[in-house]
Amino acid sequence: MEKFDVVIVGSGHGGAQAAIALRQNGHEGSILMVSRDRNPPYERPPLSKEYLAGEKPFERIQIRPEQFWADKGIELRLGRNVNEVDPVAHELALSDDTRIAYRKLIWAGGGDARRLSCPGSDYAGIHYIRTRRDVDLLKEELAAGAKRAVIVGAGYIGLEAAAVLRKLGCEVTVVEMLDRVLARVAGPELSDYYAAYHRQQGVDLRLSTGVETIEGENGRVSGVLTDSGEKIACDVIIAGIGIVPSVGPLIAAGAAGSNGVDVDTYGRTTLDDIYAIGDCASHANPYAENKVIRLESVQNANDMASCAVKAIMGDKQDYDAVPWFWSNQYDLKLQTVGIATGYDATVLRGDPEAKKFSVIYLKEGRVIALDCVNSVKDYVQGRKLVVDRAEIDPGLLADSDIPLKEMR
């Protein structure tokens with residue numbers, strides 16, 4: 001049986017950063033990265049943006065050039081799944097019928113795109129955006145002449161895909177069961193702004209609308225029947241309705257967790273010598289009032305990876321990274337810092353008509369998050385306000401002539 005000092009499961013941002021951080025922190029032992037994906041580690045955010053649009057080839061979204069991993073002595077086993085974890089023997093059973101022994105295990109399995117479950121959800125022409133292969137299949141259908149798209153879900157993935165498809169000349173209808181877009185990640189002011197902007201770009205946006213049935217012809221999608229009884233004809237469907245954390249083998253092995261897998265402030269699961277990071281890891285986040293949450297972001301994956309590696313290397317430091325996110329849609333660059341959950345007031349800073357503004361979220365008079373649209377300075381300078389939970393007069397915050405850095 002092969003044995004490795006550290007085995008990393010998953011090759012997304014978290015897994016790749018864990019491998020890089022091990023070498024940067026002086027780990028000289030063996031490292032193995034196991035991944036279901038058949039490609040060397042690559043960035044996931046561009047999949048629904050520049051890669052889908054054809055503006056960036058795959059080589060430009062790789063996290064490191066392919067040769068980097070071999071040069072650093074990091075072995076890749078791609079196209080393989082982990083079927084079983086034996087935490088007592090410190091062994092993994094892989095889908096190719098091999099077994100691997102580990103000293104430390106870092107689980108960076110991420111998640112699988114949540115699938116549609118309504119009648120007709122098994123037709124060809126239904127797409128999800130989670131991997132390079134997902135997007136390549138969608139691009140093939142667009143190149144073959146698909147021009148009418150229904151997008152289910154108005155979160156980041158759905159709206160980013162809508163923006164790209166409109167740029168490519170497609171007819172786009174977005175169906176969202178909630179009453180506003182970006183409902184899980186932004187306040188109503190920002191939701192209303194983005195909804196109006198997408199409609200200006202020609203997107204047919206249907207809010208408070210669910211999918212009842214997917215209709216098809218000859219095994220392919222031909223339309224969507226909504227819960228109001230209306231049929232929307234389409235050539236392709238893209239579903240962006242969240243992810244299901246990929247933690248099955250860990251939970252089966254006895255790890256604690258209900259929404260993903262639970263980890264402590266160092267990224268440790270309840271199983272000895274097993275860490276979990278990124279999208280699949282439930283943790284008490286200091287920027288969410290220490291509530292146990294999962295954060296689906298590049299920032300979280302990278303920072304949790306660094307935290308777990310430091311703990312493995314004997315330098316334990318509590319996870320205390322400021323959450324940040326971004327989304328590119330048309331000519332709007334949205335940058336978010338902090339978590340707005342539980343806010344009780346907002347301040348509008350800048351001019352939405354000029355497509356340059358920020359929404360600042362307050363709780364009990366203190367800054368807890370900012371959504372910045374084409375306002376890089378607010379995003380950069382607002383970070384310190386979030387860290388400090390700064391208490392600043394709302395009238396002062398609203399004055400865009402005064403830099404946020406002068407309000408500390």
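Reply: Two strands pair if DSSP finds at least two bridges between them. Helices (H or I, at least four residues) and strands (E, at least two) are DSSP runs, numbered from the N terminus. The model is predicted: local features need pLDDT of at least 70, side-chain atom pairs count only at pLDDT 80 or more, and totals for chains, interfaces and linings use all residues. Residues are numbered from 1 along each chain as its sequence is written, and side-chain values use heavy atoms, with hydrogens and water left out.

Me: Which residue in β10 is the bridge partner of V150?
Reply: Strand β9 covers residues 148-152 and strand β10 residues 171-175. The two pair in the parallel sense over five bridges. In β10, the partner of V150 is T173.

Me: In what order do the strands of the five-stranded open sheet run?
Reply: The pairing in this sheet is parallel. Its edge strands, each pairing on one side only, are β8 (126-128) and β11 (204-206). Neighbouring strands are turned by 20 degrees against each other on average, direction ignored; axes here are lines fitted to C-alpha atoms, for helices over the stretch in contact, and angles run from 0 to 180 degrees between N-to-C directions. The order is β8-β15-β9-β10-β11.

Me: In the three-stranded open sheet, which residue of β20 is the bridge partner of H283?
Reply: This sheet has the order β17-β19-β20 with mixed pairing, and its edge strands are β17 (261-262) and β20 (291-293). Strand β19 (residues 281-285) pairs with β20 in the antiparallel sense over three bridges. The partner of H283 in β20 is I293.

Me: How many aromatic pairs does a search of the whole structure find?
Reply: Rings of Phe, Tyr and Trp (its six-membered ring) pair if their centres lie within 6.5 Å; planes under 30 degrees apart count as stacked, over 60 as edge-to-face and the rest as tilted. Searched over the whole structure, the number of pairs is eight.

Me: Why is the pair of W324 and W326 tilted?
Reply: W324 is partly exposed at 25% relative accessible area, and W326 is also partly exposed, at 29%. Buried means under 20% relative accessible area, exposed over 50%, and partly exposed in between (1.4 Å probe, protein chains only). The ring centres are 5.9 Å apart, and the pair is tilted because the planes stand at 35 degrees.

Me: Which helix or strand gives the most to the lining of the second largest pocket?
Reply: On a 1 Å grid over the protein atoms alone, a cavity is a set of points where a 1.4 Å probe fits but cannot get out, and a pocket is an open set with protein on both sides within 12 Å along at least five of seven lines; lining residues have an atom within 4 Å of a point. The second largest pocket has a volume of about 280 Å³, and of its 15 lining residues the closest to the centre are R349, K356, S375, D378 and S400. β23 (345-351), β24 (356-363) and α9 (376-388) each supply at least two lining residues. With four residues, the top contributor is α9.

Me: What is the volume of the largest cavity?
Reply: The search finds two cavities of 30 Å³ or more. The largest is lined by Y287, A288, E289, I339, T341, K363, I368 and R389. A volume is the space filled by probe spheres set on the grid points, which are joined across faces, edges and corners. For the largest cavity, that space is about 50 Å³.

Me: Which residues line the second largest cavity?
Reply: The second largest cavity has a volume of about 30 Å³. The lining residues are D264, T265, Y266, G267, M304, C307, A308 and Y319.
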